[in-house]
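Please read this short briefing alongside the sequence and the model.

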Amino acid sequence: MTNYITCMQIIKKYNNSDEDNPNQLVVGTEGKNIFIIDNSDHKIINKMKLDSIPSSISCQGSYEGDYKIFVACRNEIVYILTSTG
């Protein structure tokens, strides 16, 4: 099964304003998945499954701190994914 990318966004890795602060890539796919990909070794570090196909992503916060990822989907619902810590 092919899993096409439908949307992408970045989220800061650390909770600071340093310009050299690395980013993590947040990817939405046709398979109703959200993947967070580590910038340094290009591996999936977090995977979340949604009820619908994502069409747009907006991120707030940092991955190592508190974050919220807002995902608008094709079923006209906006999902909010948050950090557990």
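Is Gln-9 buried, exposed or partly exposed? Gln-9 is partly exposed, because its relative accessible area is 30%; buried means under 20%, exposed over 50%, and partly exposed lies in between (1.4 Å probe, protein chains only). This is a predicted model: local features need pLDDT of at least 70, side-chain atom pairs count only at pLDDT 80 or more, and totals for chains, interfaces and linings use all residues. Residues are numbered from 1 along each chain as its sequence is written, and side-chain values use heavy atoms, with hydrogens and water left out.

**Gln-9 and its surroundings**

- Gln-9 sits in strand S1, residues 5-12. Strands (E, at least two residues) are DSSP runs, numbered from the N terminus.
- Beyond four places in sequence, Gln-9 touches Gln-24, Leu-25, Val-26, Ile-57, Ser-58 and Cys-59. Contact means heavy atoms within 4.5 Å.
- The side chain of Gln-9 reaches the backbone oxygen of Ile-57 at 3.4 Å.
- Gln-9 and Ser-58 are 49 residues apart along the chain, yet their C-alpha atoms are separated by 6.7 Å.

**The four-stranded sheet**

- An open sheet of four strands runs in the order S1-S2-S3-S4, with antiparallel pairing. Two strands pair if DSSP finds at least two bridges between them.
- S1 and S4 (44-49) are the edge strands; each has a single partner, so one side of each lacks a neighbour in the sheet.
- From one strand to the next, the twist averages 20 degrees. Axes are lines fitted to C-alpha atoms, and angles run from 0 to 180 degrees between N-to-C directions.
- S2 (residues 23-29) and S3 are antiparallel and joined by four bridges. Val-26 has Ile-36 of S3 as its bridge partner.
- S2 and S3 form a hairpin with three residues between them, and Lys-32 in the turn has a positive phi of about 70 degrees.
- S3 and S4 pair in the antiparallel sense over five bridges. In S4, Asn-46 is the bridge partner of Ile-36, and Ile-44 is that of Ile-37.
- The hairpin of S3 and S4 has six residues between the strands; His-42 in its turn has a positive phi of about 55 degrees.
- S3 is largely enclosed by the rest of the structure, because four of its five residues are buried.

**The largest nonpolar core**

- This core has 16 residues; Val-26, Ile-34, Ile-57, Ile-69 and Val-71 touch the most other members. A nonpolar core is a set of buried Ala, Val, Leu, Ile, Met, Phe, Trp, Tyr and Cys residues joined through side-chain atoms within 4.5 Å.
- Two or more residues each come from S1, S3 (33-37), S5 (54-61), S6 (67-73) and S7 (78-82). S6 gives the most, with four.
- Ile-34 has contacts beyond four places in sequence that include Val-26, Met-48, Leu-50, Ile-57, Val-71 and Leu-81.

- The structure holds one aromatic pair. The ring centres of Tyr-63 and Tyr-67 are 5.7 Å apart and their planes are at 20 degrees, so the pair is stacked. Rings of Phe, Tyr and Trp (its six-membered ring) pair if their centres lie within 6.5 Å; planes under 30 degrees apart count as stacked, over 60 as edge-to-face and the rest as tilted.
- Tyr-63 is buried at 17% relative accessible area. Tyr-67 is buried at 8%.
- Ser-83 lies in the segment after S7 and is buried, at 17% relative accessibility.
- Leaving aside neighbours within four places in sequence, Ser-83 is in contact with Gly-65, Asp-66 and Tyr-67.

Terms used
A polar contact is a pair of N or O atoms within 3.5 Å; within protein, one must be able to donate a hydrogen and the other to accept it, and residues adjacent in sequence count only if both atoms are side-chain atoms.
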